[in-house]
Amino acid sequence: MGKKKNSSIMKTEARDAWIMMAPAIIVLSVVAVYPIIRTVWLSLHEMVLTDPGSGYPFIGIKNYIAIFKDKRALESIAFTLKFTVTTVVFELLIGFTAALIMNKPFKGKGVVRAAILIPWAIPTSVSAMMWKFIYNDQYGLFNDILLRFGIIDKYKAWLSTADGSFMALVITDVWKTAPYMALLILAGLQMIPEELYEAAEIDGASVFQKFFYVTLPTVKTTVLVALLFRTLDAFRVFDLISVMTGGANGTESVSVYTYNHLMKFLDFGYGSAMAMMIFVVVFIISLIYMRVLGDQITDR
Amino acid sequence: MKKKMWKRVAALAAASIMTLSLAGCGSGSDAGTSGDAGNAENTESAAGAENVENPAEDTEVVQADGGEKIILKFSFDQGVGEPTQKIVDKFNASQDKIQVETVILPQDANTVHDDFVNKLASGDTSVDIMGLDVVYVAEFASAGWLADLSGYLGSDITDQMLAGTVEAATYDGKLVAAPWFTNSSVMFYRQDVLEELNEEVPTTWEGWMALADKAVGVNGIEYGADFQAAQSEALVTNWVEYVWSNGGDILDENGMPVINSEQNVEATEIMKKLVDEYAPEGVTTYTETESEQVFKEGKCLFIRDWSGFWTSGQGDDSKVTGKIAATKLPVGPSGTESHTCLGGLDLVVNNNIDDTQKEAAGEFIKFMTSEETQKEMTLISSQPPVIKAVYSDAEILEAIPFYSDFFGIIEGGKSRPKSPRYAKVSDAIQRNIHQAMTGEMEVKAALDALQAEVEELSK
Amino acid sequence: MQKKKSIWKEVLFYLFVCVFVGIIVLPFFWQFLTSVKPLSEISAIPAKWIPSSVHGQFYVNVFEKHPFAKYLLNSLIVATTTTVLSILIGASAAYALARLRFKGKKIMLMAILSISMFPTIATLSPIYLLLKQLKLLNKYAGLVIPYITFALPLAIWLLTNFFSQLPKGFEEAASIDGCSRARIFFQIMLPLIKPAIFSVGLIVFINAWNEYIYALTFMTDDMMRTVPVGIALFPSNYELPWGDMAAASVVVTVPLIILVLIFQRKIIAGLTTGGVKE
């Protein structure tokens with residue numbers, strides 16, 4: 001092929017690419033860009049809605065500086081990171097196991113697949129409340145089961161201590177979102193051509209060898225993308241905490257804290273700066289994933 | 001290979017037709033059930049078509065049936081949803097100038113607050129009248145969102161109301177809200193247990209603790225106390241009652257915090273003692289629902305709760321029906337008088353709507369605060385009215401006997417600090433007092449920290 | 001494989017699956033029990049495993065006390081539309097990102113992703129204003145559009161990933177046959193990633209089905225409410241109708257499970273023998 005022809009193919013290809021992306025770009029920019037710009041703008045102002053007398057002056061990056069002096073903000077970031085790492089690790093382990101099971105041919109596979117999705121199909125507003133009931137110190141299921149198995153000797157108020165609350169939140173979140181991870185990894189597993197396994201079998205590969213040399217490399221990017229989205233979600237955890245502990249016992253997540261400033265204290269300036277802060281942290285996390293993943297996903 | 005490919009293509013086509021027809025089906029049957037073809041269009045408009053404008057759907061101003069009515073949108077929460085809807089229907093039937101439409105929100109203090117804030121902060125006029133929790137009145141008024149109601153609600157009306165509720169609805173000398181119904185807490189206790197033990201009803205915290213020591217084990221009692229100490233607004237209402245009933249306060253007359261006073265430390269220590277020795281272990285995770293659940297199971301000697309629990313606590317699912325009585329909250333060792341924390345809802349009017357709408361809203365509010373409506377609302381909702389005369393009404397007393405004592409309790413009630421920054425004050429109280437209750441912090445240290453935080457806010 | 005070993009293996013495997021599924025399903029099973037228990041046993045202390053009698057009153061309540069059928073219909077319309085649109089728009093963008101050569105791919109991917117990094121609370125009030133301007137409040141489109149924005153980044157990323165896993169050279173062969181880009185996309189590429197489309201579609205559907213805060217804020221007309229908001233409207237002062245709520249959550253979960261069961265028969269069955277094998 002001549003160079004000229006090649007470059008014209010490239011051009012049509014690029015043109016087609018932009019045409020194909022146009023609907024997505026339009027929809028996203030219509031709804032998503034304005035809120036972001038507005039938040040950036042508000043974050044540069046002193047704007048407490050209950051104090052209109054201030055005239056909402058422009059104060060530059062003062063709100064951002066204030067975050068670094070705000071012990072509570074930093075504590076909430078630390079808690080959120082701890083929560084994110086813990087839940088995502090458990091979700092990965094459980095989700096991967098579930099996906100491997102569902103990918104095996106066995107009787108009742110369809111039922112298992114549907115059953116595993118149940119936690120995720122219950123509306124969050126209901127499931128958070130349901131779990132709060134489950135952890136109740138008087139009539140909670142959690143106490144009942146642990147007591148029957150002899151793991152505890154009397155009912156405990158799980159949500160009244162820092163460790164208990166953290167554990168309860170992690171269990172609930174993992175229970176709720178591991179199916180999501182499982183479903184995505186399953187989709188990745190199903191894209192693996194059977195021939196690869198057959199070939200490995202002919203070569204006499206063990207179960208573990210098959211997993212490490214066939215399964216893992218092929219689903220790696222899928223797992224990373226799933227992890228990326230779960231990390232972003234876990235870092236912004238809000239509903240769960242606000243229903244189950246209300247941020248008590250050191251479980252105030254950064255979204256809950258931001259919410260307090262925006263909606264409770266009506267401090268739109270500082271609250272917006274906190275929202276931008278979340279954005280930046282999440283962006284950094286994404287960059288790290290992107291480092292690992294970037295070339296593979298676009299390399300065509 | 002080619003054949004295979006076409007098979008696949010056909011399968012996909014079939015699948016996509018299926019999904020599309022699924023969507024079509026959905027909107028089709030929608031038009032069928034609601035008889036409103038307008039809705040069916042909207043699913044398609046998502047695809048980018050701009051056929052959204054549907055004049056028949058816009059509810060503003062003109063009503064089809066005959067004359068022009070002023071449409072008022074009235075938003076409140078499901079907490080009082082059913083009874084309020086009944087009253088609103090009655091209002092709509094009573095005259096032909098104004099049509100009130102209701103927008104009911106979930107019963108969750110945060111949800112309601114946030115929904116109003118989102119609308120009011122953006123200058124929205126889609127809601128005219130709101131049922132607003134009394135603690136947010138100062139906040140909303142200071143943001144300039146509330147219309148001045150002095151013109152519609154003269155002193156002839158407000159004089160008939162409980163003074164505390166009117167005072168709480170006034171901001172900067174203006175009446176920015178109309179008291180709708182109030183709320184006040186009482187001690188509900190197990191009459192059967194007291195009879196069994198042959199004991200008098202205590203009036204002090206020491207008295208209740210001494211009684212609780214004897215009561216455990218009697219008639220299924222396991223816990224000597226039950227209240228709400230989860231990190232939430234419920235904790236604030238509980239805590240201020242210990243403080244007030246021990247002669248303490250949050251702010252002094254000049255609005256300066258006096259939180260770490262001796263009385264307050266003493267009061268908070270009583271509460272802490274109840275948490276540690278008398279209440280269920282999970283009391284620091286309880287809001288109203290959880291605490292009521294345990295009491296209704298018959299396990300607690302008393303519960304501190306809002307007055308409406310009188311009715312709801314003796315329903316089908318309760319094991320204590322017919323066994324409970326109510327009295328006022330006990331006083332602390334340094335206190336002389338018991339003070340309950342006042343709650344309730346006010347009616348407020350969106351400041352952004354035009355004068356005709358405001359005028360109509362004023363009419364509606366007059367109706368809602370009239371003695372007759374208040375009495376009816378009390379009968380169907382068991383929410384305490386704001387019009388004083390209702391408390392001595394014979395019919396009311398027959399339905400809710402303890403209202404004869406209750407009037408005195410409500411009159412002795414106090415309001416939480418009235419400040420545009422109440423949300424911050426409340427947040428500080430919740431965090432520090434909760435830490436004191438769970439033992440994360442010493443009581444004195446927690447109150448010192450709280451004092452410092454509120455001082456910072458009062459600057 | 002030897003027979004003896006495999007029987008033991010199978011037993012162990014099924015045992016593991018049973019325990020695993022059991023733990024996952026338990027809370028839902030409890031929820032179901034709650035929905036058929038007599039009222040007085042719901043919060044019995046200690047927890048009651050075998051109800052003394054079984055009844056369906058809570059299910060009747062769900063549909064009689066509330067326009068729950070309408071809530072279900074609204075949710076179905078919004079979630080289905082969101083899913084179909086985001087898959088179509090997302091797949092097309094993903095195909096471009098994964099398989100066409102042009103500059104700025106990574107920046108594009110990052111920009112798309114960053115939209116889903118923004119905290120929802122901060123977007124609520126600006127989107128409300130926007131929808132008000134477009135007169136889309138209380139319209140299905142008023143929910144579908146914001147939902148698409150959170151569904152799209154996910155759909156695009158996942159589908160890009162799956163597209164990029166397909167072996168190279170497909171398009172070249174097809175374009176030599178004279179297929180247009182559109183035909184390549186619709187007739188060759190889309191069918192190839194069916195399993196992924198099914199998974200992504202399910203995720204998008206459930207996300208939209210469960211969304212609460214947008215639905216609450218943008219749909220104020222009771223007849224336009226969706227299921228999660230509808231359920232949140234159950235409790236009133238002094239009454240937490242947990243039986244009704246449990247029944248409602250069973251009612252909304254079961255159709256989803258049936259949907260999964262049906263669709264996997266149709267779509268997932270035999271997919272491993274599908275496209276990638278060439």
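This is a predicted model: local features need pLDDT of at least 70, side-chain atom pairs count only at pLDDT 80 or more; totals for chains, interfaces and linings use all residues.
Visitor: Fine. Roughly what box do the C-alpha atoms of chain A fill along the principal axes?

Guide: About 75 × 70 × 30 Å. Chain C spans about 70 × 70 × 30 Å along its own principal axes.

Visitor: How many helices and strands does chain A have?

Guide: Elements here are DSSP runs numbered from the N terminus: helices are H or I with at least four residues, strands are E with at least two. Chain A has twelve helices and zero strands, and chain C also comes out at twelve helices and zero strands. Chain C's radius of gyration is 23 Å, well over the 19 Å from the globule rule for 278 residues, so chain C is more spread out than a compact globule.

Visitor: What share of each chain is buried?

Guide: Count C-beta atoms, placed from the backbone, within 10 Å of a residue's own: 20 or more others is buried, 12 or fewer is exposed, and in between is partly exposed. On that count, 49% of the 300 residues of chain A are buried, and for the 278 residues of chain C the figure is 56%.

Visitor: And which residues have the most contacts inside the largest nonpolar core?

Guide: A nonpolar core is a set of buried Ala, Val, Leu, Ile, Met, Phe, Trp, Tyr and Cys residues joined through C-beta atoms within 7 Å. The largest has 309 residues, and Ile185(A), Val137(B) and Leu159(C) have the most contacts inside it. Take Ile185(A): leaving out residues up to four places away in sequence, its contacts (C-beta atoms, placed from the backbone, within 7 Å) include Phe96(A), Ala99(A), Val219(A) and Val223(A).

Visitor: How is chain A divided into domains?

Guide: The bounds come from an automatic or database domain assignment. It gives chain A domain 1 (1-42) and domain 2 (71-298), with 32 Å between their C-alpha centres. In chain B, each domain is built from two segments: domain 1 is 70-183 + 343-411 and domain 2 is 185-341 + 421-458. Their contact takes 13 residues from domain 1 and 14 residues from domain 2 of chain B. On the domain 1 side, helix 5 (137-142) and helix 17 (403-411) of chain B each give two or more residues.

Visitor: Now chain C: which residues of helix 4 are buried?

Guide: In helix 4 (residues 105-115) of chain C, they are Lys105(C), Met108(C), Leu109(C), Ile112(C) and Leu113(C). Down the helix axis they fall within an arc of 130°, so they line one face of the helix; that arc uses the directions from the axis to the C-beta atoms. The general idea: an α-helix has 3.6 residues a turn, so residues three or four places apart point the same way.

Visitor: Last one: how many residues of chain C and of chain B are in contact with chain A?

Guide: For chain C, 83 residues are in contact with 76 of chain A. Helix 6 (140-165) of chain C gives the most to that side, with 14 residues. Sort by class: Ala, Val, Leu, Ile, Met, Phe, Trp, Tyr, Cys and Pro are nonpolar, Asp, Glu, Lys and Arg charged, and the others, Gly among them, polar. Chain C's side then has 59 nonpolar, 18 polar and six charged residues. From chain B, 24 residues are in contact with 18 of chain A. Helix 18 (422-438) of chain B gives the most there, with five residues, and chain B's side divides into eight nonpolar, nine polar and seven charged.

How values were computed: Residues are numbered from 1 along each chain as its sequence is written. Chains are lettered from A and ligands numbered from 1 in the order in which they are written. Two residues are in contact if their C-beta atoms, placed from the backbone, lie within 7 Å. The radius of gyration is taken over C-alpha atoms; the globule rule is 2.2 Å times the number of residues to the power 0.38.
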